[in-house]
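Here is a briefing on one protein chain. Look over the structure first, then read the points below.

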Amino acid sequence: MKKFIPLALAFSVLTSGVVTVSAANQEKVQVEAQHKGHHFRHMKNFEEQVHKANALKIERLEIQKEILQKKDKLFTQHVKAGEKGAQEKRTGNKVNWQDMKKIHQDLRALQKQAHETKKAMHEAMKSDNEKLALEKMNQWLSINEKINSKLGEKSAKLDEVLASYK
């Protein structure tokens, strides 16, 4: 009996802690669900913009896929030119590479700007400022269109470089 009382006391202390933790977790889940509902309530007003953003992302990924394929071809051409000893073909594209560097810098600046605009849009949504959020969403979409056009320029420059190897 003397051993049973401390054991029962320890058991009751442990189970009360578990009950407290599970109650805290339940409250946390309810708060997260409430925030999720709040986010989707705002996003349903931006359905057209979300679809446009998805279309822009698909376009951007397709352009990036083309760029990657062109870089792969360029690598093969570069190696072949090195084996044949055609050094002038390998170094004759300095102007194109400088243009590519400029395009790359512009892309990085646009991507940073898009990231900051998207953060501002989310902050506007959190503060229930729907007008500002819509304005930021439209700015973000226009920046993504610029990014896609810059990627198109990069793809065209790679075509020029590939043409110089032939």
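Where is the place of Lys150? Lys150 sits in helix α5. This is a predicted model, in which local features need pLDDT of at least 70 and side-chain atom pairs count only at pLDDT 80 or more, while totals for chains, interfaces and linings use all residues. Residues are numbered from 1 along each chain as its sequence is written, and side-chain values use heavy atoms, with hydrogens and water left out.

**Overall build**

- The chain has five helices and zero strands. Helices (H or I, at least four residues) and strands (E, at least two) are DSSP runs, numbered from the N terminus.
- From the N terminus on, the order of elements is α-α-α-α-α.
- The chain has 166 residues, and 25% of them count as buried. Buried means under 20% relative accessible area, exposed means over 50%, and partly exposed lies in between (1.4 Å probe, protein chains only).
- Take the contacts between residues at least 6 apart in sequence: 86% of them join residues at least 24 apart. Contact means heavy atoms within 4.5 Å.

**The nonpolar core**

- The largest nonpolar core has 27 residues. Such a core is a set of buried Ala, Val, Leu, Ile, Met, Phe, Trp, Tyr and Cys residues joined through side-chain atoms within 4.5 Å.
- Helices α2, α4 and α5 each give two or more residues to this core. The largest share, 11 residues, comes from α5.
- Met137 and Ile147 have the most contacts inside the core.
- Leaving out residues up to four places away in sequence, Met137 touches Met43, Phe46, Gln49, Val50 and Met121.

**The largest pocket**

- The largest pocket holds about 210 Å³ of space.
- Its lining includes Ala53, Lys57, Gln111, His115, Trp140 and Ile147.
- The elements giving two or more residues to this lining are α2 (47-84), α4 (94-126) and α5 (130-165).
- By type, the lining residues are four nonpolar, four polar and three charged. Ala, Val, Leu, Ile, Met, Phe, Trp, Tyr, Cys and Pro count as nonpolar, Asp, Glu, Lys and Arg as charged, and the others, Gly among them, as polar.
- A pocket is found on a 1 Å grid over the protein atoms alone, as an open set of points where a 1.4 Å probe fits, with protein on both sides within 12 Å along at least five of seven lines; lining residues have an atom within 4 Å of a point. Grid points are joined across faces, edges and corners, and the volume is the space filled by probe spheres set on the points.

**Residues to find**

- Why does Lys150 count as buried? Its relative accessibility is 17%.
- Lys150 touches Ile103, Asp106, Leu107 and Leu110, not counting residues up to four places away in sequence.
- Lys71 lies in helix α2. Lys71 counts as partly exposed because its relative accessibility is 40%.
- The C-alpha atoms of Lys71 and Asp159 are 9.6 Å apart, though 88 residues separate them along the chain.
- Lys119 is in helix α4. At 52% relative accessibility, Lys119 counts as exposed.
- Asp128 is in the loop between α4 and α5. Asp128 is not a glycine, yet has a positive phi of about 60 degrees.
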